[in-house]
Amino acid sequence: SDQTKYDPTSKVGGALQGDSAATGVLRQLRSLLGSPSDASSTYKRLSDIGLTAQRDGTLAVNSTKLEAATTNLPELKKAFAGDGGSNAMLDGFARRYADLASKMLGTEGTITSRTQGLRDRITRNGDEQVRLQERVDRFKARMVAQYTAMDTNLSKLTALSSYVSQQMNALTAMANKTT
């Protein structure tokens, strides 16, 4: 949650702020944490066992409820490890979290897909940087060549101007002598 939040005081967002995959993971975790399970007839919610979700995403432990729950181990085992087969409502809490982790981290999982997508984007970005640098280098080479050609032509024009000036001065001097 620290990576997806925005701090209005410093006006800085977390590295994953606005990332739909990250916010989706948080949403799914919160949803799963609050959803009931029919795996145990005694412990329908984690709060019945003594585990309550806090606003910051952590779990608060109610020691009294947790100690009472440990006295009924068969129902506690069902609540956590129950396998409902095709009926997800009969899955225990641990099984649900394991299934969610598999969905997110598996080969086609949300996080795996997003990670691969970001790696692909980084690769494309690197390729684009290389192509841009090549364009810059070609442009620079073209500009240097044009400047060199212009400088050479300017030198020729300066020499021609000097020659024409000398010829004009010589003609003026000749015309002044004859008059």
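Which side chain of opposite charge is nearest to the buried residue D91, and at what distance? The legends below, prepared from a predicted model, begin with this residue.

View 1. D91 is buried yet forms no salt bridge, and the nearest side chain of opposite charge is that of R95, 4.7 Å away; a salt bridge would require a distance within 4 Å. Beyond its neighbours within four places in sequence, D91 is in contact with S37, A39, G82, D83, G84, G85, R96 and D99.

**View 2. S35 in the loop between helix 1 and helix 2.** S35 is placed between helix 1 (20–34) and helix 2 (46–49). A polar atom of the S35 side chain lies 3.0 Å from the backbone oxygen of L32. With neighbours within four places in sequence left aside, the contacts of S35 are R45, F93 and R96.

**View 3. A69 in helix 3.** Helix 3 comprises residues 63–69 and includes A69. A69 has a relative accessible area of 0% and is therefore buried. Apart from neighbours within four places in sequence, A69 is in contact with Y43, I49 and L76. The C-alpha atoms of A69 and L100 are separated by 25 Å, the two residues being 31 residues apart along the chain.

**View 4. A nonpolar surface patch that includes L160.** The patch, of about 610 Å², is made by L157, L160, Y163, V164, M168 and L171. L160 belongs to helix 6, which spans residues 110–178. The relative accessible area of L160 is 47%, so this residue is partly exposed.

Note on methods: Residues are numbered from 1 along each chain as its sequence is written. This is a predicted model: local features need pLDDT of at least 70, side-chain atom pairs count only at pLDDT 80 or more; totals for chains, interfaces and linings use all residues. Side-chain values use heavy atoms; hydrogens and water are left out. Patches are made of residues with over 30% relative accessible area and no salt bridge: like charges are joined within 9 Å, nonpolar side chains (Val, Leu, Ile, Met, Phe, Trp, Tyr) within 5 Å. Accessible areas come from the Shrake-Rupley method with a 1.4 Å probe; for residues, only the protein chains shown count as cover. Helices (H or I, at least four residues) and strands (E, at least two) are DSSP runs, numbered from the N terminus. Buried means under 20% relative accessible area, exposed over 50%, partly exposed in between (1.4 Å probe, protein chains only). A polar contact is a pair of N or O atoms within 3.5 Å; within protein, one must be able to donate a hydrogen and the other to accept it, and residues adjacent in sequence count only if both atoms are side-chain atoms. Contact means heavy atoms within 4.5 Å. Lys and Arg count as positive and Asp and Glu as negative; His and the chain ends are not counted.
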